[in-house]
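Thank you all for coming.

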Amino acid sequence: MQLSSHSFQDGQAIPGEFAFAVPDATAHVLLSSNRNPHLAWRDVPAGTQSFVIVCHDPDVPSRGDDVNQEGRTVPADLPRVDFYHWLLLDIPATTTEIAAGAQSDGITAHGKPGPAAPQGLRHGINDYTGWFAGDAQMRGEYYGYDGPCPPWNDSLVHHYVFTVYALATPTLAIEGELTGARVRAALAQASVLGQASITGLYSLNPAVPAV
C-alpha cells in the first residue's frame, strides 16, 4: 500500500490549517481551523473489506512540569509517550480517499460527538479528552480528528504519524471505549492485510521550527 496527502508532504511540515493551534507572538498560541488533512491510498491488498486510520504523535512529554511554562523549556531528553489525534474506523473498501475538512472543520469545545462520524463512519476518542479534563471551558469527550498542538516551549519538533490499515473484515471489533490504546490493541489482533504511513512535522516553538 501507499499513502499520500495533498495537505502535506511526507516528512515535511503540516500547515497550520490542519492544526489545533498556530503560533502567536503575544499569546504563544491561537486556536486554528483544525481541519483534517486530505489522505489518499492505493495498491490496496486483495480481500480488503474496510480501512482504519490512526494518527498519533509519539513525541508528547511524559511529564507536564515544564509544559507551556514561561521561562522554562521541555527538555529533549525527557521520555515521550503517544498521543492519539485521530481514530477513524469502518471506512468502506470502496473508499480510498478522505477529503480535507470532511471529518473535522473547526474546534468544538467539549469535543465532537461520537462514535458516529460523518459519512456513516465510526470514530474514536482522541487524547484531548484527557488533556482538557481539568479545564471547565473545554473538558469533554473529544471524538474524531483534533490536530497538532504541541507545547509552545518544547525543544523537539513533533511527528504526526498517519497510518491506514487494510482489514479483511468490514469492521474492527473493539470492547469498551474507542480509545487509541484499545484501537491499537484491536488492530494487533485483527486480520490486517496491509498498512502504509506518512509523517508530518509540527512545532509551536519559534526557536524550533518544523522544517
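Let me start with a question: does C149 count as buried, partly exposed or exposed, and what is its relative accessibility? C149 counts as partly exposed, because its relative accessibility is 30%, where buried means under 20% relative accessible area, exposed means over 50%, and partly exposed lies in between, with a 1.4 Å probe and protein chains only.

Before I go on, please keep in mind that this is a predicted model, in which local features need pLDDT of at least 70 and side-chain atom pairs count only at pLDDT 80 or more, while totals for chains, interfaces and linings use all residues. Residues are numbered from 1 along each chain as its sequence is written, and side-chain values use heavy atoms, with hydrogens and water left out.

Now to the cysteines. A disulfide is a covalent bond between the sulfur atoms of two cysteines. In this model there are zero disulfides, a disulfide being counted as a pair of cysteine sulfur atoms within 2.5 Å. For C149, the closest cysteine sulfur is in C55, and at 14 Å it is too far for a bond. C55, for its part, counts as buried because its relative accessibility is 1%.

C55 lies 29 residues from Y84 in sequence, yet the two are 6.1 Å apart in space, C-alpha to C-alpha. Leaving aside neighbours within four places in sequence, C55 is in contact with several residues, among them F83, Y84, Y160 and F162, contact meaning heavy atoms within 4.5 Å.

Next come the pockets. On a 1 Å grid over the protein atoms alone, a pocket is an open set of points where a 1.4 Å probe fits, with protein on both sides within 12 Å along at least five of seven lines, and lining residues have an atom within 4 Å of a point. The largest pocket has a volume of about 220 Å³, a volume being the space filled by probe spheres set on the points, which are joined across faces, edges and corners. Of its 16 lining residues, V60, F83, W131, C149 and P151 lie nearest the centre, and strand 5 gives the largest share of the lining, three residues.

The second largest pocket has a volume of about 190 Å³. It is lined by 13 residues, and those closest to its centre are V29, L31, W131, F132 and C149. Strand 3 and helix 1 are the elements that give two or more residues to this lining.

I will finish with two buried residues. T163 sits in strand 10 and is buried, with a relative accessible area of 7%; a polar contact of 2.6 Å joins its side chain to that of S197. By polar contact I mean a pair of N or O atoms within 3.5 Å, where, within protein, one must be able to donate a hydrogen and the other to accept it, and residues adjacent in sequence count only if both atoms are side-chain atoms.

S104 is in the loop between strand 7 and strand 8, and S104 too is buried, at 2% relative accessible area. Its side chain makes a polar contact of 3.3 Å with the side chain of K112.

Technical notes: Helix = DSSP H or I, 4+ residues; strand = E, 2+ residues; numbered from the N terminus.
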